[in-house]
Amino acid sequence: MKKKGIHKWLGVMMAVALVFGLAACSGSDKSANNTPAPANEGTNNKNAEEALDYTFGEGETFHSNEPVTYSMMYSDHENYPYNENWRFWSAVKERTNVDFDLSITARTEYENQKSLLVNSGDAPYIIPKTYEEAAFVAGGQIVPISDWVQYMPNYMKAVKDWGLEEDLKVKLQADGKYYVLPGLWEVSGGGYSYIIRKDIFEAAGIDVEAEEGKWTYEDFYAALKKVKEFTGKDNIFSDEFKGESTLNIAGVAYGVTGGWGKANGMKFDHEKNQFFFADASEDFKAYVTYFNKLINEKIMDPESFTQEDDAAQAKFFKGDSYVMNGNYQLMADFQTKMEDPNAELYMIVQPGGPKGMLQMETSRLENGVMISQNALKDLGEEKFIKMLRFVDWLWYSDEGQTLSLWGVEGETYTKDAEGNFVLDPDISYNGMNPTATKKLNVDFGFGNGMFAYGGSSKLKLSKMTPGERDYNDRIFATREARKIDPPIMATTDQAEQLNLIQTPLMDFVSTMTLKFITGQEPLSNWDNYVATVEANGSSRYAQMANEIFESTKSLLGY
């Protein structure tokens with residue numbers, strides 16, 4: 001490797017040392033898990049550099065002199081099922097001399113299989129597509145990766161250049177370390193919102209593009225009501241995901257939690273610097289009352305919370321409904337399946353609410369990669385660091401990210417005079433070239449959710465159609481970024497106590513949320529609900545969360 005590359009990454013390491021230095025202040029005893037002395041770096045750096053059997057570094061392609069194979073979990077997605085002949089595998093091999101030994105699991109079983117393998121001590125070395133790592137920390141089978149990121153120059157460059165230090169704090173555990181390498185984006189994304197039949201809304205007299213930027217949920221209700229009256233149809237809003245995405249994004253506007261984002265029901269008051277249980281508040285009552293109104297007025301299909309996705313989509317494709325939740329990639333696919341050739345789909349900006357006109361997505365972190373202790377145990381420190389530098393190249397270098405997303409230049413894409421990516425016209429992806437005969441992910445393995453996440457704003461925009469770019473621009477122009485709540489950095493014992501409260505508490509909240517919304521439980525019984533939430537430990541949970549926060553807030557910069 002060129003010495004220039006070493007100087008670059010050492011400079012980055014020093015620049016962000018304070019951010020990761022907190023991991024060394026956790027007070028734990030020295031062990032194999034703590035930050036080791038830099039490998040291959042003695043008094044003679046030139047000799048150490050020459051001793052490496054691989055190249056790495058910022059602006060360098062990782063390449064092992066000898067073939068190497070790393071074990072990895074793989075979530076097999078039904079929309080682009082695993083193919084051993086994908087060009088992705090050979091392209092990685094050509095550049096790096098690395099192969100994968102895959103533990104392949106169906107996407108729907110991936111989380112269960114991950115838990116089984118990690119908890120049994122049989123996990124592969126690399127565990128991608130990890131959304132929640134906290135449950136694996138206590139078992140000691142996952143490497144506290146913040147002790148090792150100093151060996152990952154591309155990762156650390158992204159943290160420094162994009163100012164991600166504050167974002168990363170949400171990943172800290174009780175020991176002041178973090179255990180997953182998250183996907184890193186330079187800018188946040190648009191996320192999920194409501195896909196509407198714009199042609200129907202406009203026929204009902206709604207100027208969507210002029211009005212949606214100012215819409216609160218009440219304004220959205222008024223627009224839905226107009227569409228219902230114009231079409232004469234009931235249940236014009238029939239949702240997919242069993243309402244989980246809709247409840248999640250609406251929770252942001254109402255200052256509560258729900259659906260995919262319900263978690264522990266806690267929110268953080270940034271003025272008082274304390275946690276509180278949000279899902280029995282007056283804001284939560286307004287939140288469930290809103291959706292109850294949609295159900296009662298036959299605007300929203302009550303089956304939204306029980307039907308499978310295929311059923312919801314079939315109603316939308318046939319024109320039996322005109323609104324459903326989704327992301328831009330889904331909308332691009334839906335457009336090709338509409339039975340009405342004149343159907344025009346449009347993704348509205350997420351409505352605002354009592355808490356303001358807020359952006360749904362504010363974190364620039366995505367699901368990430370855990371590293372098994374088996375990798376450190378089997379490989380030893382030197383070869384373990386080598387593997388990390390491969391991970392650093394594939395998931396965090398411009399070259400690796402471009403390969404994972406777009407494939408091989410001259411084969412799957414070219415670049416125009418301005419340097420923009422141009423997908424081969426015979427290949428479709430993400431709404432581009434929708435009538436092409438091949439798909440980038442299905443036929444080549446690129447654009448694969450196991451690898452293709454994270455990158456610069458330019459790379460993020462490169463995979464967007466003009467419509468999706470417009471959707472993101474509308475969000476940033478009309479919605480304010482919101483503050484990120486700090487993590488509750490519980491110890492193992494504290495986490496067990498919290499979980500004993502959280503599981504029955506949030507099961508009850510979830511059940512009652514749907515009962516209030518669908519009318520199975522009258523809202524006149526609200527006080528009984530609040531009393532039962534309290535009896536199930538909501539105040540105790542908030543008290544414990546605040547005690548933990550007080551003891552760890554110095555690590556978080558509060």
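Helix α20 (residues 466-478) has 13 residues and spans 18 Å from first to last C-alpha, close to the 18 Å expected at 1.5 Å a residue. That expected span is 1.5 Å times one less than the number of residues. Helices (H or I, at least four residues) and strands (E, at least two) are DSSP runs, numbered from the N terminus.

This is a predicted model, where local features need pLDDT of at least 70, side-chain atom pairs count only at pLDDT 80 or more, and totals for chains, interfaces and linings use all residues. Numbering runs from 1 along each chain as its sequence is written, and side-chain values use heavy atoms, without hydrogens and water.

E468, Y471, N472, R474 and I475 of α20 are buried. Buried means under 20% relative accessible area, exposed over 50%, and partly exposed in between, with a 1.4 Å probe and protein chains only.

Helix α12 (residues 244-254) is largely enclosed by the rest of the structure, because 10 of its 11 residues are buried. Among them are S245, N248 and Y254. Just after α12, G255 has a positive phi of about 75°.

| Helix | Packing partners |
|---|---|
| α20 | β7, α15 (328-335), β11 (345-347) |
| α12 | β7 (193-197), α11 (217-231), α13 (282-296), β10 (323-326), α21 (492-518) |

**A strand pair**

β3 (residues 68-76) and β4 (residues 98-106) pair in the parallel sense over 9 bridges. Pairing requires at least two DSSP bridges between two strands. V68 has V98 as its bridge partner in β4. With helix α4 (residues 87-96), β3 and β4 make a right-handed β-α-β unit. Right-handed means that, with the strands pointing away from the viewer, the path from the first strand over the helix to the second runs clockwise.

**The cores**

A nonpolar core is a set of buried Ala, Val, Leu, Ile, Met, Phe, Trp, Tyr and Cys residues joined through side-chain atoms within 4.5 Å. The largest has 147 residues; I126, Y155, F201, I371, F390, W395 and F451 touch the most other members. Helix α16 (residues 373-396) supplies the largest share of this core, 12 residues. A second, separate core of 15 residues includes I195, M324, A343 and I475.

Leaving aside neighbours within four places in sequence, I371 has contacts including Y125, I126, Q141, F384 and L388.

How values were computed:
Contact means heavy atoms within 4.5 Å.
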